[in-house]
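Work through the exercises below with the sequence and the coordinates at hand. Each task is followed by a solution in steps.

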Amino acid sequence: MRLIFVGPPGSGKGTQAKRLAERRGVPHISTGDLLRDAVRRGTDVGKQAEEIMKAGKLVPDALVIRVMEDRFRSGDCEKGFILDGFPRTLGQAEALDRMLERVRMPIQVVVLFLVGDEAVLERITGRRSCPVCQTPYHTRFVPPRIPDRCDRDGAALVQRPDDSEEKVRVRLEKYREETEAVIPYYERRGLVRRIDGEVDPDRVFEALEKAVEESSPKS
Ligand code: ADP
Ligand code: ADP
């Protein structure tokens, strides 16, 4: 299965991608996670991306495309992959097509998570993440068993520097200006499946599995 998850910040892409990737045994590839890792390690890409990410803006296509090309080279994508937060511009979508054409592994489904701005704001400001395994939690909606500790590895949860109300407004604006254009790009190929992302996480997961099953049953 080769999937793309598209949706505004906080629409549940990471939460659902993690779960589906574990269930199906395919990698969950999040450009946000890859970029944050590059920032932490202080790489060339990380240095260039850090301030842009803090401001809630989009990292330039050339940098993100380079990160994705490197990631695909790690050789664990034969059985498929879930792309979470990539592509986020038309330029990235075209570059992705070129990468996948070379290996004859076209995208099968593009899942669009529908969540309104109000819910996005509530979710992002309450989001806490595990710095070790990247699992997202929410102070009210998805609380960890022990407050502020990851259920999986016990690490102290952190709040992302770009998860403030002010930065989320910028990110929503970027989503409208740049990312929404990728929807008609895939719609023309009949690949887009819309999912109500405002119900509880288990119900979102059921709808997701159904959409994926109907569209790419055997792979
Ligand atoms: P994205 O990857 O799209 O930015 P996340 O998966 O990180 O979104 O989810 C954003 C926040 O909302 C997190 O705090 C997460 O725990 C919470 N969340 C995810 N799915 C739901 C849901 N269906 N209902 C309520 N809160 C959710
Ligand atoms: P969210 O799902 O909450 O929007 P992500 O973790 O996917 O957050 O992304 C965090 C930040 O990383 C983005 O605001 C942006 O600065 C950068 N980023 C991630 N993916 C991309 C991408 N495909 N293109 C450009 N910037 C990206």
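The model is predicted: local features need pLDDT of at least 70, side-chain atom pairs count only at pLDDT 80 or more, and totals for chains, interfaces and linings use all residues. Residues are numbered from 1 along each chain as its sequence is written, chains are lettered from A and ligands numbered from 1 in the order in which they are written, and side-chain values use heavy atoms, with hydrogens and water left out.

**Exercise 1. Determine which residues of helix α6 are buried and what they pack against.**

Step 1. Take helices (H or I, at least four residues) and strands (E, at least two) as DSSP runs, numbered from the N terminus. Helix α6 then spans residues 117-125.

Step 2. Apply the accessibility classes: buried is under 20% relative accessible area, exposed is over 50%, and partly exposed is in between (1.4 Å probe, protein chains only). In α6, the buried residues are A119, V120, L121, R123 and I124.

Step 3. Look for contacts (heavy atoms within 4.5 Å). The buried residues of α6 pack against strands β5 (127-129) and β6 (136-138) and against helix α7 (165-177).

**Exercise 2. Describe the surroundings of T89.**

Step 1. With a relative accessible area of 6%, T89 is buried.

Step 2. List its contacts. Leaving out residues up to four places away in sequence, T89 touches L58, D61, E178 and V182.

Step 3. Search for polar contacts, that is, pairs of N or O atoms within 3.5 Å; within protein, one must be able to donate a hydrogen and the other to accept it, and residues adjacent in sequence count only if both atoms are side-chain atoms. The side chains of T89 and D61 are joined by such a contact of 3.0 Å. The T89 side chain also reaches the backbone nitrogen of Q92 at 3.0 Å.

**Exercise 3. Find how many salt bridges the structure holds and examine examples.**

Step 1. The whole structure gives 24 salt bridges.

Step 2. R19 and D202 pair at 2.9 Å, N to O. R19 belongs to helix α1 (residues 13-24) and D202 to helix α9 (residues 201-215), so this pair ties together parts 183 residues apart in sequence. R19 is partly exposed at 32% relative accessibility, and D202 is partly exposed at 44%.

Step 3. R176 and D117 pair at 3.0 Å, N to O. Because R176 lies in helix α7 and D117 in helix α6, the pair ties together parts 59 residues apart in sequence.

Step 4. For R40 and D37, the closest N and O atoms are 3.8 Å apart. Both residues lie in helix α2 (residues 31-41), 3 residues apart, about one turn of the helix.

Step 5. A network of salt bridges links R127, R160, D162, D163 and R171.

**Exercise 4. Characterise the shell around ligand 2.**

Step 1. Collect residues with a heavy atom within 4 Å of the ligand. Of the 20 residues around ligand 2, T31, K57, R88, R127 and R171 come nearest.

Step 2. Sort the shell into nonpolar (Ala, Val, Leu, Ile, Met, Phe, Trp, Tyr, Cys and Pro), charged (Asp, Glu, Lys and Arg) and polar (the others, Gly among them). The shell around ligand 2 has 7 nonpolar, 5 polar and 8 charged residues.

Step 3. A polar side-chain atom of R127 lies 2.9 Å from an oxygen atom of ligand 2. A polar backbone atom of G85 is 2.9 Å from a nitrogen atom of ligand 2.

Key:
Salt bridge = Lys/Arg side-chain N within 4 Å of Asp/Glu carboxyl O.
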